[in-house]
Amino acid sequence: MSAKPSPEKLLALGMSFWNAKTLLSAVELGVFDALADGPADLAALTAKLALHQRSARDFFDALVAMRVLERDANGRYANTPETELFLVRGRPSYVGGLLEMANARLYESWGHLSEALKTGRRQSENQEETDFFAALYADPNRLRGFLAAMSGVSAGAAQAIADKFPWHDYKTFVDVGAAQGMVPVTIARAHPHLSGAGFDLPQVKPIFEEYVAANGLADRVRFLPGDFFKDALPKADVIVMGHILHDWDLEQKRMLLKKAYDALHEGGALIVYEAMIDNERRENAFGLLMSLNMLIETAGGFDFTGADCQGWMKEVGFSSSRVEPLTGPDSMAVGIK
């Protein structure tokens, strides 16, 4: 006998912003940082974070119920293994930069999704500006936050690419739109025979070089300044484009793929990784929601399926391509010249 329909799932989805904002505020307030040195009871944690006592207990216990904090029999709160590894600032594994950006920028902008769906216009701050990225890169504080967010969203995929791609067949690589440098650092650390570079706008250079130096890889990973719309891409055996293509419209996507093809050595490979939508467009909700985020954030960007990307690669000259899953919602499309 089939179960009767229940509104439970619908209500949970509709109110899921409660969970999201609770976690985002926990990152903003430094809850996980405060517990990095060990467990703390309610009074100590409340005082350490300078919270009002009225709702502190509910806040911490909500995080326990959400399985991002633990609480022992003595009432002391502690990080879970996941939050200890990924949400304590200053650790190489920290992915909270993306959540910081979500809290500071995306959360409010997504409140205007209905307007975006009706008008097709982006809804992020400074929505009248014609070049969103130019405005972003012109503000050092916003830029640093954005680049840290890109490290957060790329961390899992970077490790999977380092593990899965046959790097032993190649010697050089360039990460296009390298941001803080998470991807080239992860790849170079895993494969000592490789020499790599990050290609991005000149404003990124000090942030990139600081990150690379902190990871002890300045001798094998360098920064190359440039604008991928105005300049040719640097030559290499492998070119990586991660979370780049989805920012742009179809014509711009094809143009960037052609530039990558032209820059590759014969037999070289292009790696495009994104939260690629499954070909049936039924399963990867994150990829589909990311495409809506491109509506919110950009003038013409959208996410795409692996088959879409393979088709564009073929159009610009790649002789063969394949799509492989990475981690979570991310996949990579690999094109061979």
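Analyst: Start with Arg71. This is a predicted model. Arg71 has a relative accessible area of 44%.

User: What makes the contact of Arg71 with Asp61 a salt bridge?

Analyst: The closest N and O atoms are 2.8 Å apart. The cut-off is 4 Å between a side-chain nitrogen of Lys or Arg and a carboxyl oxygen of Asp or Glu. The pair therefore counts as a salt bridge.

User: Why is the pair said to tie parts together?

Analyst: Arg71 lies in strand β1, Asp61 in helix α5. These parts are 10 residues apart in sequence, so the pair ties them together.

User: Is Asp61 called buried or partly exposed?

Analyst: Partly exposed, at 22% relative accessibility. Buried would need a value under 20%.

User: How do you know that Asp33 and Arg89 link distant parts of the chain?

Analyst: Asp33 sits in helix α3, and Arg89 in the loop between α6 and α7. They are 56 residues apart. Their side chains meet in a salt bridge, at 2.4 Å from N to O.

User: What are the accessibility values of Asp33 and Arg89?

Analyst: Asp33 has a relative accessible area of 25%. Arg89 comes to 34%. Each counts as partly exposed, because that label lies between the 20% and 50% limits.

User: Which salt bridge does Arg91 form?

Analyst: Arg91 meets Glu84, 2.8 Å from N to O. Arg91 is partly exposed at 31%, and Glu84 is partly exposed at 22%. As for a network, salt bridges with shared partners join Asp33, Arg89 and Glu100.

User: Why are β5 and β8 said to stand at the edges?

Analyst: The open sheet has seven strands, ordered β5-β4-β3-β6-β7-β9-β8, with mixed pairing. β5 and β8 each have a single partner strand, so one side of each is left without a neighbour in the sheet.

User: How do you know that β4 and β5 pair?

Analyst: Five bridges join them, and they run parallel. Pairing needs at least two bridges, so these strands qualify.

User: What describes the packing of α2 and α7?

Analyst: Their angle is about 115 degrees, with the axes 9 Å apart. The crossing is left-handed. By class, the contact has seven nonpolar, three polar and three charged residues.

Conventions:
Residues are numbered from 1 along each chain as its sequence is written. This is a predicted model: local features need pLDDT of at least 70, side-chain atom pairs count only at pLDDT 80 or more; totals for chains, interfaces and linings use all residues. Side-chain values use heavy atoms; hydrogens and water are left out. Helices (H or I, at least four residues) and strands (E, at least two) are DSSP runs, numbered from the N terminus. Axes are lines fitted to C-alpha atoms, for helices over the stretch in contact, and angles run from 0 to 180 degrees between N-to-C directions. A crossing is left-handed if the near helix is turned anticlockwise from the far one by less than a right angle, and right-handed if clockwise. Ala, Val, Leu, Ile, Met, Phe, Trp, Tyr, Cys and Pro count as nonpolar, Asp, Glu, Lys and Arg as charged, and the others, Gly among them, as polar. Buried means under 20% relative accessible area, exposed over 50%, partly exposed in between (1.4 Å probe, protein chains only).
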